[in-house]
Amino acid sequence: DLVTSSLPATQEFSTSKILSGSSSPTTSKHSSAAISTALLHTTTKSTTEAPTTMHHNTTNSTTEAPTTMHHNTTNSTTEAPTTTHSNATTAPTPPPTTPPVPNPTVGNYSVKSDNVTVCLLAKMGLQFSFKMSENSSFQTLNFDPSANVTEVSGTCGSGGNDSSLLLKSDEITVHFVFTNVSQKFRLHALTLSVNLENGNVFNASNNNLSLWEASVGSSYMCRKEQSYNITDKLTLNTFQLQVQPFAVQNNKFNTAHECSMDDTSLLIPIIVGAALAGLIVIVMIAYVIGRRRTYVGYQTL
């Protein structure tokens, strides 16, 4: 009985040992599985987090750089046109200017006593400035001397009679009257009539002039532009003027009496001579004063 009863215990012990021995592989397998699971989890975690972190950094850097560059480009592009447009808007506009009237064409006119002998010669460019009323502005017109436009007529003066020159075109009619007093002639009357495009007519005259005076038998000449106030509403401008209303010989101008503006050939030498004479006088006075001071000094010694 003792032997029989101990066998089960031994068997039980073996069984337990076997069981305990069999449990060891189970534990090892379980531990290996746990370790593999832990390693897999760790690897998976690190692998997952690394791309996530790199992707986040890459996304941030890529997104911020284009945003900053686009913002700068937009600002610079927007500000430049705005500044240019502001300058163009505030720039002042120059006022319109009226072009000046060109100089008139110089015409040659003559009056004949018997349709053969010339008794009056005139050469001049004529320009008239006039205004219709006190409050209106001046208008300027040139006289056209073309033969197909202008009619020339007049009277020859002799024996104390006056000479006259009448010039007429479709737009302008002007009448010059010359008188001879004590063998001196002068322009003493002028009448002007202008037909305007709007149908109005401008008229002005002055019978108390004293212009272009010279000796009978000679001519009066003024090559430079001259301006004469005929009335308060009419101004006459002449260019390359030369007239001889009396005693014309051989259908040509006689010796000309030049106006004061043209007579500069003698004026300039006179001015230069006077300046040199004054300089010589000053030098002589300074020399005499210097000599006197030197002489008084020698007397004192």
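Predicted model: local features only at pLDDT ≥ 70, side-chain atom pairs only at ≥ 80, totals over all residues.
Modeller: Residues are numbered from 1 along each chain as its sequence is written, and side-chain values use heavy atoms, with hydrogens and water left out.

Colleague: What does the secondary structure of the protein chain come to?

Modeller: The protein chain has two helices and 13 strands, where helices (H or I, at least four residues) and strands (E, at least two) are DSSP runs, numbered from the N terminus. Among the contacts in the protein chain with a separation of 6 or more, 52% are between residues 24 or more positions apart, contact meaning heavy atoms within 4.5 Å.

Colleague: What makes Ser 169 count as buried or exposed?

Modeller: Buried means under 20% relative accessible area, exposed means over 50%, and partly exposed lies in between (1.4 Å probe, protein chains only). Ser 169 has 12% relative accessibility and therefore counts as buried, although Ser 169 lies in the loop between β5 (163–168) and β6 (172–181). Leaving aside neighbours within four places in sequence, Ser 169 is in contact with Phe 143, Val 149 and Thr 150. Over the whole protein chain of 301 residues, buried residues make up 24%.

Colleague: How do you know whether Ala 204 is buried or exposed, and which residues does Ala 204 touch?

Modeller: Ala 204 lies in strand β8, and its relative accessibility is 11%, so Ala 204 counts as buried. Not counting residues up to four places away in sequence, Ala 204 touches Leu 190, Thr 191, Leu 192, Thr 231 and Leu 234. With Thr 231, Ala 204 is 27 residues apart in sequence, while the C-alpha atoms are 7.3 Å apart in space.

Colleague: Where is Val 118 placed, and what does Val 118 touch?

Modeller: Val 118 is in strand β2 (residues 118–130), and with a relative accessible area of 7% Val 118 is buried. Once residues up to four places away in sequence are set aside, Val 118 touches Ser 110, Val 111, Lys 112, Val 248 and Asn 251. Asn 251 in turn touches Val 118 and Leu 121, on that count, and Asn 251 lies in the loop between β12 (234–244) and β13 (256–258).

Colleague: What is noted about phi of Asn 251 and of Gln 183?

Modeller: Most residues other than glycine have a negative phi. Phi of Asn 251, however, is near 55°, a positive value, and phi of Gln 183 is near 60°, also a positive value.

Colleague: Why is the pair Arg 223 and Glu 258 called a salt bridge?

Modeller: A salt bridge is a side-chain nitrogen of Lys or Arg within 4 Å of a carboxyl oxygen of Asp or Glu. The closest N and O atoms of Arg 223 and Glu 258 are 3.6 Å apart, so the pair forms a salt bridge. Arg 223 lies in the loop between β10 (219–222) and β11 (226–231) and Glu 258 in strand β13, so the pair ties together parts that are 35 residues apart in sequence. Arg 223, at 42% relative accessibility, counts as partly exposed, and Glu 258, at 30%, also counts as partly exposed. By this rule the count comes to one salt bridge.

Colleague: Which residues form the negative surface patch, and which make the nonpolar one?

Modeller: Patches are made of residues with over 30% relative accessible area and no salt bridge, like charges being joined within 9 Å and nonpolar side chains (Val, Leu, Ile, Met, Phe, Trp, Tyr) within 5 Å. Lys and Arg count as positive and Asp and Glu as negative, with His and the chain ends not counted, and the place of a charge is taken as NZ of Lys, CZ of Arg, CG of Asp or CD of Glu. Glu 151, Asp 170, Glu 171 and Glu 197 form the negative patch. Glu 197, in the loop between β7 (184–195) and β8 (201–206), is exposed with a relative accessible area of 84%. Val 272, Leu 276, Leu 279 and Val 283 make a nonpolar surface patch of about 370 Å², and Leu 276 lies in helix α2 (residues 267–300).

Note on methods: Areas by Shrake-Rupley, 256 points an atom, 1.4 Å probe, with all protein chains shown as cover.
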